[in-house]
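Okay, thanks everyone, let's get going.

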Amino acid sequence: MFRKISAVALLAITTGLPAQKSAPANVTADLPAGAMQTRATTACLECHEARIILQQRLSKAAWTKEVDKMTKWGAVVDPADRDALIDYLSTNFSPDKPAYEPPRTANKNASGKSGD
Amino acid sequence: MNSRREFLKQVSGAVFAAAAAPSMLTWALPAGQAVPFPGEDGMILRSFRFVDLESPVEYFNTWLTPVPHFFVRNHMHEPIELDASGWRLSLGGEVEKPLTLSLAELFKLETHSVVNTLECAGNGRSLQRPQVPGIQWGKGAVGTARFSGPRLHDILQRAGLKPSGKHVMFRGLDEVPGKVPPFIRSIPIEKALDADTLIATHMSGSPLTKHHGFPARALVPGWIGAASCKWLTEIKVLDAEFVGNFMSPGYRLPNQPVKPGDAVKPEDTHAVTALSVKSVISGPIDSSSLKMGKVTVHGAAWAGEADIVKVEISTDGGTTWNLAKLGRDQAHYAWRLWSYDWKPGRGGDYSIQSRATDSQGRVQPETPVWNPSGYLYNAVDQVNVHVS
């Protein structure tokens, strides 16, 4: 099953397009638009997907701790980008934003067939 | 047991491969469409990569949680490849005779079963105010299953435990991204030697699925889920608690209550171990509209290493409390289902609350006890409904 998802995913990467309209294998979500979107995508989504960020609602002080911890843990952040990255995260994912609404899973594979 | 033969047949020579989803892969999902996820049905997708799935509370209506409805918590990527025939479990450190076991050798040991309610330490984190970083679990990072496998005690005895052995470390096959510290934790020797602490290979009669630690995991009953290391391959007996990120600063609670913003010194903290007393309402669900008549309020209550003594329900905002009926199914480390028949006297908006008390005299607090990582949230549960 995971092999199948992977094959679809690799095809999508190769072509730069979703592999098939009938196989909307939603693997990850996107980070929000903004000057730091590309840098944040490179720094953060190498190791985990955007939903882990989208669901947080943190103060600037808390985001600063997270960015510094993740940098120590291997996130590639140019020191010149650190403050802008913290601003980007603490602006988009501050405590006053509405709660993130996560999707549900369906027990089926990427082609829509029922799973086990 | 029958499933053992089937399990060996299933895994014999088999290689379970699962390629991790390539990084930075994104494409949109039409609004309202569920994410295809083999073997996981209607779960709340907290994260696909790493896989973190939460059970909706309305699933908590059976004593044993079906595996497709059982929460999944990963700190990092699941193993890319799991080769059951090549799998080995090593045991070393403060023992007389270090040993290595294959899966077939593990199956030769006497098997025991423990029905255990497994809960993530961070369950309920999203309800903490102010909010704290981490997976923003709602109420459903918890489930109950019958775990089976040999006792850790028997394996430790076989290796000859030295008196210097005070803690037992577990390491699994989690794929570590970047420079993230590996997921390694330890438990005190007393808990490791407890007759109910297992090396589990089965979950409610079936071999563990990959998401739950195939082919073997630690099962430390009554304790936070993080104690029960998945994809277990290494056990090491230590003379002190393991030193590493997931023992400290991870999975620690302040010794005294703290306020948001307070600095907490590591020496003023302790490792999170046993679960708190807690209940959740699985029906009626929050924000639902009900018709006048009998309403069965129901849910589950658990208390880690303690037993549930009573669950009380309030339908008037906590002024009066009424005893819920506890379900028949029970086991020492397992939750009790409960129910309460309520007849609203009139239409209108109601707040329904549940409050559990355990055999250690612990009672769910009215308001949550805040801590910097949002562990062990256990405030009185509440749903709001409209009756017409």
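Let's start at B:Ile224: skipping its neighbours within four places in sequence, it is in contact with B:Glu119, B:Cys120, B:Ala121, B:Val272 and B:Leu275. Contact here means that the C-beta atoms, placed from the backbone, lie within 7 Å.

Quick housekeeping: this is a predicted model, so local features need pLDDT of at least 70 and side-chain atom pairs count only at pLDDT 80 or more, while totals for chains, interfaces and linings use all residues. Residues are numbered from 1 along each chain as its sequence is written, and chains are lettered from A and ligands numbered from 1 in the order in which they are written.

Back to B:Ile224, which sits in the largest nonpolar core, a set of 94 residues. A nonpolar core is a set of buried Ala, Val, Leu, Ile, Met, Phe, Trp, Tyr and Cys residues joined through C-beta atoms within 7 Å. Buried means 20 or more other C-beta atoms within 10 Å of a residue's own, again placed from the backbone; 12 or fewer is exposed, and in between is partly exposed. Along with B:Ile224, the members touching the most others are B:Ala121, B:Ile199, B:Ala200, B:Val272 and B:Ala301. Strand 21 of chain B, residues 295–302, gives this core its largest share, 5 residues. And where does this core lie relative to domain 1 and domain 2 of chain B? Between them, because domain 1 (2–271) and domain 2 (278–387) both give residues to it; those bounds come from an automatic or database domain assignment. There's also a second, separate core of 21 residues, including A:Leu31, A:Leu45, A:Leu58 and A:Leu89.

Now, strands: they are DSSP runs of E, at least two residues, numbered from the N terminus, and two of them pair if DSSP finds at least two bridges between them.

Last stop, B:Ile313, in strand 22 of chain B, residues 308–314. Why do we call B:Ile313 buried? Because 23 other C-beta atoms lie within 10 Å. Its C-alpha is 4.7 Å from that of B:Ser354, 41 residues apart along the chain. Beyond four places in sequence, the contacts of B:Ile313 include B:Val297, B:Trp321, B:Tyr340 and B:Ile352.

Methods. Helices (H or I, at least four residues) and strands (E, at least two) are DSSP runs, numbered from the N terminus. Two residues are in contact if their C-beta atoms, placed from the backbone, lie within 7 Å.
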